[in-house]
Amino acid sequence: MAVSTTETAAPSAAAPQTDTGPEWLEQLTPAQIVNELDKYIVGQEEAKRAVAIAMRNRWRRQRVEDELRDEILPNNLILMGTTGVGKTEIARRLARLTGAPFVKVEASKFTEVGYVGRDVESMIRDLVDTSVNMVRAEREDGVQEEAERRVEEQLLDLLLPPMDGRTPPAGPVVVSDGVPKVFVAGPKGVQEHATGEPLSEEDERLIMRRQRTREKLRSLLRDGELEEREVEVEVSQAPAIDGMMVPMGGMEGMEYNFSEMLQEMLPKRTKRRSVTVAEARRILIQDELDRLLDTGEGVNEAPIRAEDMGMIFLDEIDKIAGDRGGYGPDVSRGGVQRDLLPVVEGCNVQTKYGLVRTDHVLFIAAGAFHVSKPSDLIPELQGRFPIRVELHSLDEGHFKRILQEPRNALLVQYQALIETEGARAEFTPGGVEEIARIAARLNERMENIGARRLQTVMTTLLEEVLFELPSEKMERPLIVDREFVRTHLEEIAEDEDLRRYIL
């Protein structure tokens, strides 16, 4: 079975990012989830079926009566397989497909509570932070247009400041019955303010002329012709408190919350800066989004989404399995397992957004298990990962499919890169077979890094072409056939000293 290990891609058309949560999961049956994963991941059918069932069960739990709902626990999984076979990619694609908050952590980074290093509860805090960012991004989409409209008025005020105190500080201005009325973008939308004083003919002409000038500037601003002009904006600066914090082992969460609390308590300073219109727009839009968003409602929704929909990919779990075989506390293996147990089983974790329960967070653990095996984990932790799936190693046939079949296939990526320089590249079937053969051979002779070996081979294969572009114009398409591959990869295919090609 083969997989694609590319980690970034555009969201699937079948899974819009704005329609997430249990309602969207209703449209994703296990078979549909597998079909979506098939667009990016080749093979590994057993693993894809297992994660699809686990994800669908989360939606099914939401439809169960309240008394029984809390008793239904998630189907935590352990994915076993060598590096580069797709363990991380399956979990990452699943999270993107379902719109679930997702965090990837390495179990080897944790230490037992009370020792220097990250404690296991920090992954729950990271998950909640991710959920908050997701909720904020969704809400920003809803108010983005209003924020941009307000910022446009502010930029026009900066580009056309008042003169001699005879014109209002903001605009646009409309004269009605000899009385100027100013329309200001305020916190509750565009508000009308009357100056209350009749205008002289001279002032009226001045205001009308400035209004015409303002509309001309608006047209230039929308056409992007004022992006490099400099304006002065007021920027808020958060107080620096790094030097005030004293690291405390085992107190990571409390230290982090204390730092946040200090930043909110200390007064913020403002400073006027001269920046381009493009930079000013970025600063002002962020300020306007902060004003428009209902942060209280978002903060309440995010922890709930993390509790019901959160996914944590716990990589390198095999590194904390087994016994040390020495004396003294085992703070990075057995100690971490004991700390993981209550989090995976279900407990309350203190975050800066309040207590978050972990009972229904889906944990997907993964490891190569070259030296250790899942049975080397403590029995209690093994019981919290009832589903185990073995992912298969990759061979030449798998590599050939990986190069061509996924939506974001490696050949498609390199063709797109070359096209940006006004050139084209075409890969013949023989060329693809030769690339796959060399990649499989290198994995046999060196460390087996799975599909990641294809990145090494492709980079070396096209190194000269990518270096010469765009200085060397290609009038005809670059044909990557079997002979081209053998010529450019002969050195690494035959050389026994391959250290420079090890990732």
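**Helix 11**

I looked up what the buried residues of helix 11 pack against in this predicted model. The partners are helix 6, strand 8, strand 11 and helix 12 (379-382). I then listed those buried residues: G334, G335, V336, Q337, D339, L340, L341, V343 and V344. That makes 9 of the 12 residues in helix 11, and I noted the helix as mostly covered.

I checked the length next. Helix 11 covers residues 334-345 and spans 17 Å from its first C-alpha to its last. Just past the end of helix 11, I found G346 with a positive phi of about 125°.

I traced the strands and got an open sheet of 5, in the order 2-8-11-1-12, with parallel pairing. At the edges I have strand 2 (102-106) and strand 12 (387-390), each pairing on one side only. From one strand to the next, the twist averages 20°.

Opposite M80 I found E390 of strand 12.

**Helices on the sheet**

I noted that helix 3 (residues 45-62) packs on the sheet and touches strand 1, strand 8 (311-315), strand 11 (362-367) and strand 12. The direction of helix 3 makes about 150° with that of strand 12.

Key. Residues numbered from 1 in each chain as written. Predicted model: local features only at pLDDT ≥ 70, side-chain atom pairs only at ≥ 80, totals over all residues. Heavy atoms only, no water. Pairing = 2+ DSSP bridges. Helix = DSSP H or I, 4+ residues; strand = E, 2+ residues; numbered from the N terminus. Axes fitted to C-alpha atoms, helices over the stretch in contact; angles between N-to-C directions. Contact = heavy atoms within 4.5 Å. Expected span 1.5 Å × (residues − 1). Buried < 20%, exposed > 50% of the residue type's maximum accessible area, 1.4 Å probe, protein only.
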